[in-house]
Amino acid sequence: VLELLLPKILQEEPPILQALIRLITTISTSMTQEHLFPLISQLADPLIATFNHSNADVRKSVVFCLVEIHSILGRDFEPYLNELTPSQQKLVTIYIQRRK
């Protein structure tokens with residue numbers, strides 16, 4: 001299912017985009033680390049690209065999605081978070097700490 005949704009992230013606009021990101025978050029959180037890890041490069045790239053969207057609600061949805069993925073993958077996800085700008089990394093880190 002994720003393979004079908006991911007290309008849509010870069011094509012859609014709010015509010016459909018937000019709904020897609022929330023759906024990806026829900027699907028990701030229902031997966032085990034073993035199932036999610038092989039998909040992470042396909043998942044991270046469009047999410048990180050969408051983090052620069054002009055709509056604040058879209059960016060917020062991306063943050064929550066990244067935090068949930070991090071809660072499943074832990075340190076294995078950190079190389080992807082390093083692709084974010086320093087301010088984006090700080091924001092995601094704050095939410096990761098709050099989630100713990």
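1. Cysteine 65 has a relative accessibility of 0% and therefore counts as buried. This residue of the predicted model belongs to helix 5. Apart from neighbours within four places in sequence, cysteine 65 is in contact with Ile21, Ile24, Thr25 and Leu47. Leucine 23 lies 42 residues from cysteine 65 in sequence, and the two C-alpha atoms are 9.4 Å apart in space.

2. Threonine 25, one of the contacts of cysteine 65, is part of helix 2. Is threonine 25 buried or exposed? Its relative accessible area is 14%, and because buried means under 20%, threonine 25 is buried. Beyond the residues up to four places away in sequence, threonine 25 touches Phe64, Cys65 and Glu68.

3. The packing of helix 2 against helix 5 deserves attention next. Two packed helices are described by the angle between their axes and the distance between the axes. For helix 2 and helix 5, the angle is about 10 degrees and the axes are 9 Å apart. Helix 2 is therefore roughly parallel to helix 5, since angles under 35 degrees count as roughly parallel. On the side of helix 2, the contact is made by Leu17, Gln18, Ile21, Arg22, Ile24, Thr25, Ser28 and Thr29. Helix 5 contributes Asp57, Val58, Ser61, Val62, Phe64, Cys65, Glu68, Ile69 and Ile72. Nine of the residues in the contact of helix 2 with helix 5 are nonpolar, five are polar and three are charged.

4. Which direction does helix 4 take relative to helix 5? Their axes come within 9 Å and cross at roughly 150 degrees. The two helices are therefore roughly antiparallel to each other, as angles over 145 degrees count as roughly antiparallel. The crossing of helix 4 and helix 5 is left-handed. Helix 4 takes part through Ile40, Leu43, Leu47 and Thr50, and helix 5 through Val58, Arg59, Val62, Cys65, Leu66, Ile69 and Leu73. By class, the contact of helix 4 with helix 5 holds nine nonpolar residues, one polar residue and one charged residue.

5. Helix 5 (residues 56-73) also meets helix 7 (residues 86-99), where the axes come within 9 Å and cross at roughly 55 degrees. Helix 5 and helix 7 are therefore oblique to each other, and their crossing is right-handed. The residues of helix 5 in this contact are Val63, Phe64, Leu66, Val67, Glu68, His70 and Ser71. Those of helix 7 are Leu91, Val92, Tyr95, Ile96 and Arg99. The contact of helix 5 with helix 7 comprises eight nonpolar, two polar and two charged residues.

6. In soluble globular proteins, nonpolar side chains tend to be buried together. The largest nonpolar core of this model has 32 residues, of which Ile24, Leu43, Leu47, Leu66, Ile69, Phe77 and Val92 touch the most other members. At least two residues of the core come from each of helix 1 (2-9), helix 2 (16-29), helix 4 (40-50), helix 5, helix 6 (78-81) and helix 7. Which helix supplies the largest share of this core? Helix 5 does, with nine residues.

7. Leucine 43 touches Leu6, Ile24, Ser28, Leu36 and Ile69, with residues up to four places away in sequence left out. Leucine 36 is located in helix 3 (residues 33-36) and, because its relative accessibility is 0%, counts as buried. Leucine 36 and leucine 73 are separated by 37 residues in sequence, yet their C-alpha atoms are 7.9 Å apart.

8. Tyrosine 80 lies in helix 6. With a relative accessible area of 19%, tyrosine 80 is buried, because the cut-off is under 20%. Not counting residues up to four places away in sequence, tyrosine 80 touches Ile40, Ser41, Ala44 and Ile48.

9. A final point concerns the backbone. Most residues other than glycine have a negative phi, and most peptide bonds are trans. The peptide bond from proline 14 to proline 15 is cis, with omega near 0 degrees. Proline 15 is placed in the loop between helix 1 and helix 2.

How values were computed: Residues numbered from 1 in each chain as written. Predicted model: local features only at pLDDT ≥ 70, side-chain atom pairs only at ≥ 80, totals over all residues. Heavy atoms only, no water. Axes fitted to C-alpha atoms, helices over the stretch in contact; angles between N-to-C directions. Helix = DSSP H or I, 4+ residues; strand = E, 2+ residues; numbered from the N terminus. Parallel < 35°, antiparallel > 145°, perpendicular 65-115°, else oblique. Left-handed = near helix turned anticlockwise from the far one by under 90°. Contact = heavy atoms within 4.5 Å. Nonpolar A, V, L, I, M, F, W, Y, C, P; charged D, E, K, R; others polar. Core = buried A, V, L, I, M, F, W, Y, C linked by side-chain atoms within 4.5 Å. Buried < 20%, exposed > 50% of the residue type's maximum accessible area, 1.4 Å probe, protein only.
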